[in-house]
Amino acid sequence: GDVLDDYVRTDGVWILTRNKQFYKTNNEAECAEKCEAERHFNCRAFLFTRKKLECLTLAENAKMTVMFNSMDTVLYEKKIYLLQCKKGIGKDYRGTEAKTWKGIPCQNWAEKTPHNPNYTPEKYPSAGLDENYCRNPDGDENGPWCYTTDPATRFDYCNIPECETQCMQCNGEDYHGEVSRTETGLECQRWDAQEPHAHGFTLKHFPGKDLRMNYCRNPDGELRPWCFTASPTKRWEYCNIPRCTTRSPVSGLGSQCLSGKGEDYRGRLAVTESGNACQHWNTQFPHKHGWIPDRYPCKGLEENYCRNPDGEKRPWCYTINSSVRWEYCAIPHCDRTEQGTVGMSNVAMQVPLPEECYQGKGQTYRGTTSITASGKKCQAWNSMFPHRHEKTPDIFPNADLRNNYCRNPDGRNSPWCFTTDPSIIWEYCHLRRCDDHTQE
């Protein structure tokens, strides 16, 4: 096949990079050959300028550095370095996972402490032993692994999900298949097209979401993969992708202690830090909520155990106290030596609410809803298309303007967003105000 088939193309962008090499080539294909043959570093991407016919091979891709507009330039990124899943035993895995399944950070492959490695970048230059990323240089049948930063554990395996091509795990965030029709049979619109529906879901703004061709994807945390449709009368629709029969490794493994934000915590603590018992996730009393176990099969929402399904600071739960909607849980830290530094005094008291409701005018809302009251998808805050605006993360650094999540950076009546519909600049979001008794 064409050498360019192994790359994801993005028009009109440039990325800042430390390691690069300049070449004179006639076209993109020749530039790709230079990238494949690069010996100064692992070539993850290349830039090609149409006017000057210049070729820059790059050690970084858009996931690793800053990207900005450049009209005459085309960026090509190797797909293998964008995928965060493995095929088979993961010998070709080149993702950026850098901790073991227990949450222990990986040791840099080039370092010799705390463990003296047998596998180094010098000995295995084609094994992709970059930084401290999980890799499988020896073809271990258990998949990618790394040397750990724990002196008592020389190495351990990493929790890398399987790249299932025709089915989806969890909510399909890692689905990379080629289904390109919606559940009602409509053909999907290409992600790099703006007709018949203009939108902000582009490779530039969602570089790690594999928005290729017109394949169904889930870049924004929806219930399952979706796409804009090729029908002018139907803006977007879910795709009918079967759930994988093999169980996701994420749901099978999990930490029994707090590592990072505790999103992989699967312990059985069911009491909040103030002593309130947790409400069962599959019940709606005393607090109604949207975290229903059947809708989020890989979030570990079992019984009434403390969990972190939405990227909060640490695991939490709804409480059985009708006057206290939810609270954090006091999970012991995996690194006992750091346990003292994870005290409750370090946690900001203005805790943001989960995504299904907001308090006051919603200026502290930090959920992941990205749908307006009329059902339109939100435009990414760092995007200027289809609507140019000044509500950017740089101008409002404390407003948490991430992705295309509903927010209220400027004190309107409730959380809102710019829409991906060119005819509607902005709308309030599909959210309700929390109960008056919700804890501040």
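L16 sits in the loop between β1 and β2, helices (H or I, at least four residues) and strands (E, at least two) being DSSP runs numbered from the N terminus. This is a predicted model, in which local features need pLDDT of at least 70, side-chain atom pairs count only at pLDDT 80 or more, and totals for chains, interfaces and linings use all residues. Residues are numbered from 1 along each chain as its sequence is written, and side-chain values use heavy atoms, with hydrogens and water left out.

**Sheet**
- Five strands form an open sheet in the order β1-β5-β3-β4-β2, with antiparallel pairing; two strands pair if DSSP finds at least two bridges between them.
- At the edges are β1 (7-15) and β2 (20-24), each of which pairs on one side only.
- Strand β3 (residues 45-49) pairs with strand β5 (residues 67-78) in the antiparallel sense over five bridges.
- L47 stands opposite L75 in β5.

**Salt bridges**
- The count comes to 19 salt bridges, each a side-chain nitrogen of Lys or Arg within 4 Å of a carboxyl oxygen of Asp or Glu.
- D11 and R50 form one of them, with the closest N and O atoms 2.7 Å apart.
- This pair links distant parts of the chain, since D11 is in strand β1 and R50 in the loop between β3 and β4, 39 residues apart.
- R307 forms a salt bridge with E302, the closest N and O atoms being 3.2 Å apart.

**Accessibility**
- R307 is buried, with a relative accessible area of 0%, where buried means under 20%, exposed over 50% and partly exposed in between (1.4 Å probe, protein chains only).
- E302 is partly exposed at 40% relative accessibility.
- L16 is partly exposed, with a relative accessible area of 43%.
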